[in-house]
Amino acid sequence: MKSFFTEFKEFITKGNMMAMAVGVIIGGAFKAIIDSLVADVFGPVIGIFLGGTDFSKLSFGVGGAQIMIGNFIQAIISFLITALVVFILMRQYNKLQKEEEETPEPSDEVKLLTEIRDSLAK
(Lines give C-alpha, C1' and ligand atoms only; values in the text may rest on other atoms or scores of the structure.)
Protein backbone atom coordinates (compact mmCIF):
# COMPACT_ATOMS: atom_id res chain seq x y z
CA MET A 1 0.00 0.00 0.00
CA LYS A 2 1.35 3.39 -0.97
CA SER A 3 2.03 5.88 1.71
CA PHE A 4 -0.08 9.00 2.04
CA PHE A 5 2.76 11.28 0.96
CA THR A 6 3.59 9.18 -2.11
CA GLU A 7 -0.04 9.35 -3.25
CA PHE A 8 -0.13 13.09 -2.55
CA LYS A 9 3.07 13.62 -4.58
CA GLU A 10 1.56 11.75 -7.53
CA PHE A 11 -1.61 13.82 -7.23
CA ILE A 12 0.12 17.21 -7.30
CA THR A 13 2.51 16.29 -10.11
CA LYS A 14 -0.18 15.16 -12.54
CA GLY A 15 -0.84 17.32 -15.60
CA ASN A 16 -4.40 18.08 -14.54
CA MET A 17 -3.17 19.79 -11.39
CA MET A 18 -0.85 22.01 -13.41
CA ALA A 19 -3.63 22.87 -15.86
CA MET A 20 -5.85 23.81 -12.95
CA ALA A 21 -3.13 26.06 -11.49
CA VAL A 22 -2.73 27.82 -14.83
CA GLY A 23 -6.51 28.23 -15.03
CA VAL A 24 -6.65 29.81 -11.59
CA ILE A 25 -3.87 32.28 -12.47
CA ILE A 26 -5.46 33.22 -15.79
CA GLY A 27 -8.85 33.45 -14.07
CA GLY A 28 -7.45 35.97 -11.59
CA ALA A 29 -6.07 38.09 -14.40
CA PHE A 30 -9.37 37.80 -16.28
CA LYS A 31 -11.24 38.95 -13.18
CA ALA A 32 -9.11 42.10 -13.07
CA ILE A 33 -9.99 42.82 -16.70
CA ILE A 34 -13.72 42.30 -16.10
CA ASP A 35 -13.66 44.44 -12.94
CA SER A 36 -11.99 47.24 -14.88
CA LEU A 37 -14.48 46.90 -17.73
CA VAL A 38 -17.39 47.21 -15.33
CA ALA A 39 -15.93 50.02 -13.20
CA ASP A 40 -14.30 52.07 -15.97
CA VAL A 41 -16.61 51.49 -18.96
CA PHE A 42 -20.05 50.27 -17.90
CA GLY A 43 -20.15 52.22 -14.63
CA PRO A 44 -19.76 55.67 -16.21
CA VAL A 45 -22.27 54.82 -18.96
CA ILE A 46 -24.84 53.70 -16.38
CA GLY A 47 -23.96 56.83 -14.36
CA ILE A 48 -24.90 58.99 -17.34
CA PHE A 49 -28.38 57.45 -17.35
CA LEU A 50 -28.64 58.09 -13.60
CA GLY A 51 -28.13 61.81 -14.04
CA GLY A 52 -24.34 62.04 -14.18
CA THR A 53 -23.68 60.49 -10.78
CA ASP A 54 -20.70 58.26 -10.09
CA PHE A 55 -22.30 54.83 -10.31
CA SER A 56 -19.90 53.20 -7.87
CA LYS A 57 -20.77 55.81 -5.22
CA LEU A 58 -24.51 55.18 -5.56
CA SER A 59 -25.84 54.57 -2.06
CA PHE A 60 -28.69 55.19 0.29
CA GLY A 61 -28.95 55.49 4.02
CA VAL A 62 -31.00 53.38 6.36
CA GLY A 63 -30.84 54.65 9.89
CA GLY A 64 -27.14 55.20 10.59
CA ALA A 65 -25.96 52.72 7.93
CA GLN A 66 -24.92 53.61 4.40
CA ILE A 67 -25.88 50.93 1.84
CA MET A 68 -23.41 50.99 -1.11
CA ILE A 69 -25.78 49.67 -3.77
CA GLY A 70 -23.52 50.87 -6.62
CA ASN A 71 -20.66 48.55 -5.58
CA PHE A 72 -23.10 45.67 -5.26
CA ILE A 73 -24.54 46.26 -8.73
CA GLN A 74 -21.01 46.45 -10.15
CA ALA A 75 -20.24 43.08 -8.56
CA ILE A 76 -23.39 41.59 -10.11
CA ILE A 77 -22.46 42.94 -13.56
CA SER A 78 -18.91 41.55 -13.19
CA PHE A 79 -20.31 38.16 -12.24
CA LEU A 80 -22.73 38.09 -15.18
CA ILE A 81 -20.03 39.04 -17.70
CA THR A 82 -17.64 36.45 -16.28
CA ALA A 83 -20.35 33.77 -16.28
CA LEU A 84 -21.26 34.64 -19.88
CA VAL A 85 -17.66 34.32 -21.08
CA VAL A 86 -17.16 31.02 -19.21
CA PHE A 87 -20.44 29.73 -20.68
CA ILE A 88 -19.34 30.63 -24.21
CA LEU A 89 -15.93 29.00 -23.73
CA MET A 90 -17.43 25.81 -22.24
CA ARG A 91 -20.03 25.66 -25.00
CA GLN A 92 -17.29 25.76 -27.65
CA TYR A 93 -15.20 23.22 -25.72
CA ASN A 94 -18.18 20.84 -25.50
CA LYS A 95 -18.80 21.20 -29.26
CA LEU A 96 -15.18 20.27 -29.95
CA GLN A 97 -15.42 17.27 -27.61
CA LYS A 98 -18.63 16.12 -29.29
CA GLU A 99 -17.03 16.40 -32.75
CA GLU A 100 -14.12 14.24 -31.61
CA GLU A 101 -16.52 11.64 -30.19
CA GLU A 102 -18.61 11.60 -33.37
CA THR A 103 -15.67 10.62 -35.57
CA PRO A 104 -16.54 6.99 -36.30
CA GLU A 105 -13.91 4.30 -36.10
CA PRO A 106 -13.30 2.68 -39.48
CA SER A 107 -14.93 -0.69 -40.06
CA ASP A 108 -12.92 -3.91 -40.17
CA GLU A 109 -13.15 -3.94 -43.96
CA VAL A 110 -11.73 -0.42 -44.22
CA LYS A 111 -8.92 -1.33 -41.82
CA LEU A 112 -8.09 -4.44 -43.88
CA LEU A 113 -8.13 -2.49 -47.14
CA THR A 114 -5.89 0.16 -45.57
CA GLU A 115 -3.41 -2.51 -44.49
CA ILE A 116 -3.44 -4.03 -47.99
CA ARG A 117 -2.89 -0.59 -49.57
CA ASP A 118 -0.02 0.14 -47.21
CA SER A 119 1.54 -3.29 -47.92
CA LEU A 120 1.30 -2.73 -51.67
CA ALA A 121 2.84 0.73 -51.31
CA LYS A 122 5.93 -0.82 -49.68
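This is a predicted model: local features need pLDDT of at least 70, side-chain atom pairs count only at pLDDT 80 or more; totals for chains, interfaces and linings use all residues.
Residues are numbered from 1 along each chain as its sequence is written, and side-chain values use heavy atoms, without hydrogens and water.

**View 1. A patch of negative charge sits on the surface.** E99, E100, E101 and E102 form the patch. Like charges are joined within 9 Å, and nonpolar side chains (Val, Leu, Ile, Met, Phe, Trp, Tyr) within 5 Å. E99 belongs to helix α3.

**View 2. E115 lies in helix α4.** The helix spans residues 108–121; helices are DSSP runs of H or I, at least four residues, numbered from the N terminus. E115 is exposed, at 52% relative accessibility. Exposed means over 50% relative accessible area, buried under 20%, partly exposed in between (1.4 Å probe, protein chains only). E115 and E101 are 14 residues apart in sequence and 24 Å apart in space, C-alpha to C-alpha.

**View 3. Q74 is buried in the model.** Its relative accessibility is 12%. Q74 is part of helix α3, residues 69–102. Beyond neighbours within four places in sequence, Q74 contacts V38, A39, G43, F55 and S56. Contact means heavy atoms within 4.5 Å.

**View 4. F4, F5, F8, F11 and I12 make a nonpolar surface patch.** The patch covers about 580 Å², an area from the Shrake-Rupley method with a 1.4 Å probe. F5 lies in helix α1, residues 4–13. F5 is exposed, at 65% relative accessible area.

Conventions
Helices (H or I, at least four residues) and strands (E, at least two) are DSSP runs, numbered from the N terminus. Patches are made of residues with over 30% relative accessible area and no salt bridge: like charges are joined within 9 Å, nonpolar side chains (Val, Leu, Ile, Met, Phe, Trp, Tyr) within 5 Å. A salt bridge is a side-chain nitrogen of Lys or Arg within 4 Å of a carboxyl oxygen of Asp or Glu. Lys and Arg count as positive and Asp and Glu as negative; His and the chain ends are not counted. The place of a charge is taken as NZ of Lys, CZ of Arg, CG of Asp or CD of Glu.
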